[in-house]
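My notes follow in the order I worked.

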Amino acid sequence: MALKRFFHAIYIYFRRNDNVLLALSLVCAAVGFVLVYSATYSMSGASKMIFVQAVAILLGIVCMIVLSLIDYHVIATFWKYIAIAAVLLLVATLVLGSGRDNVAEKSWIKFAGMSVQPSEIVKIMFIITFAKHIDIVKDKISRPMNVALLLLHAAIPMVLILRQGDYGMTLVFAVIFIGMMFASNLKLRYFAGAGILALIAAPLLWAKLGSRQTGRILALFSPSTFVKQSYQQIQSVSAIGSGEMWGYGLLHGPKTQASVASGLLPEKQNDMIFAVTGEELGFVGCVFIIVLLFALLIKILLTARAAKDMMGSMICVGVFTCFAFQMIANIGMCLFISPVIGLTLPFMSYGGTSVLSSFLGVGLVLSVARKDLNLLFS
């Protein structure tokens, strides 16, 4: 009898679930796992990385399903506690954090021989709390005080992440903030004013950037002058171009399978995973990855449009803007059309917290898409 109820519950879950979105996320994760396996095949410690990726995917799937079973309104009732927990996580990272592989930042916490990036989880927490905040003010969102409070809500995690030295993740939060505010029917005069202020502040912000960051931007326009900063992207473009139409095949890419010491394709398992795709699976593989991720984005956007209320719609918009920006930024880095800012390709790049964060985002969207929010108790 218990077994019958179990299978009935599974049947009900899939009947009332957005199975297309679920399938797209699983396929993305599966493709990403294959790419990471190939990218790390020639690296020392490959088995550990593959194990971490596999565990992250399995844990992510479980968390996604559990999150999809919970009414997002119930989750949002704890938004103040989630916001406090997010700030504490970022403060703890600022105090205890360190850089990954000697990178000059403090966005990783290392324990038990593993590294986690709390900001990856915090961005999902931020989407929940910010969606709830927007839902609270709703029609009064364009009042100056409400705009100021929403700006403060976004500024706190962004400042803490910026203090960690993680410019890429700071940009992700900024884009999520802008995307959700734009979708919330905020008066356009605020965006016009923000644009003018951004232009005025641009020279000051440029002066505040370190030589490492400015060099990466200037390398786009003069690679020969900024050889060190452009090296990674030049190697990436070379790898993608050499793959031509069909690529060399998995585990056969010359740059991908070269030793890390050769430096032929730095950070191939995370930042440059799209370069691995281009070299080993060719133009066809690259198009497949882009179409797959684009389909995921479209499905999330359609869920936002069909959402029952403002909060559900805002959650979907937040996840959409997060995924879309990371996709554009990561692929842009690999094609040498945008600066290197250290962002992963959702579901595809190596990284336990990155994969888990992606599944959590999809889990929230699945909760919004739920045909019956009481499924857990059916």
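**Aromatic pairs and cavities**

Both F347 and F359 are buried. I note at the outset that the model is predicted.

F347 and F359 form an edge-to-face aromatic pair, 5.0 Å centre to centre with 85° between the planes. I then placed them: F347 sits in the loop between α13 (310-334) and α14 (352-369), while F359 belongs to helix α14, so the pair ties together parts that are 12 residues apart in sequence.

Next I searched the whole structure and got 8 aromatic pairs. I picked out F182 and F191, whose ring centres are 5.6 Å apart and whose planes stand at 70°; planes over 60 degrees apart count as edge-to-face, so I log this pair as edge-to-face.

Is F182 buried or exposed? I read a relative accessible area of 55% for F182, and it is exposed. F191 comes out at 23% relative accessibility and counts as partly exposed. The cut-offs explain both entries: exposed means over 50% and buried under 20%, so F182 is exposed and F191 falls in between.

I also recorded one aromatic cluster made up of F126, F130, F173 and F177.

**Largest cavity**

The largest has a volume of about 40 Å³. I list its lining as E120, K123, F323, Q326, T344, P346, S354, S357 and S358.

Which element gives the most to this lining? It is α14, with 3 residues. I find that α6 (118-137), α13 and α14 each supply at least two residues of the lining of the largest cavity. By type, I sort the lining residues into 2 nonpolar, 5 polar and 2 charged.

**Second largest cavity**

I put the volume of the second largest cavity at about 30 Å³. L293, L296, L297, F323, M327 and P346 line it. The elements giving two or more residues to this lining are α12 (273-306) and α13. Of the elements, α12 gives the most, with 3 residues.

How do the residues of this lining divide by type? I get 6 nonpolar, no polar and no charged.

I set the two linings side by side. F323 and P346 are in the lining of the largest cavity, and F323 and P346 are also in the lining of the second largest cavity. Polar residues number 5 in the lining of the largest cavity, whereas the lining of the second largest cavity has no polar residues.

Notes
Residues are numbered from 1 along each chain as its sequence is written. This is a predicted model: local features need pLDDT of at least 70, side-chain atom pairs count only at pLDDT 80 or more; totals for chains, interfaces and linings use all residues. Side-chain values use heavy atoms; hydrogens and water are left out. Rings of Phe, Tyr and Trp (its six-membered ring) pair if their centres lie within 6.5 Å; planes under 30 degrees apart count as stacked, over 60 as edge-to-face and the rest as tilted. Buried means under 20% relative accessible area, exposed over 50%, partly exposed in between (1.4 Å probe, protein chains only). Helices (H or I, at least four residues) and strands (E, at least two) are DSSP runs, numbered from the N terminus. On a 1 Å grid over the protein atoms alone, a cavity is a set of points where a 1.4 Å probe fits but cannot get out, and a pocket is an open set with protein on both sides within 12 Å along at least five of seven lines; lining residues have an atom within 4 Å of a point. Grid points are joined across faces, edges and corners, and a volume is the space filled by probe spheres set on the points. Ala, Val, Leu, Ile, Met, Phe, Trp, Tyr, Cys and Pro count as nonpolar, Asp, Glu, Lys and Arg as charged, and the others, Gly among them, as polar.
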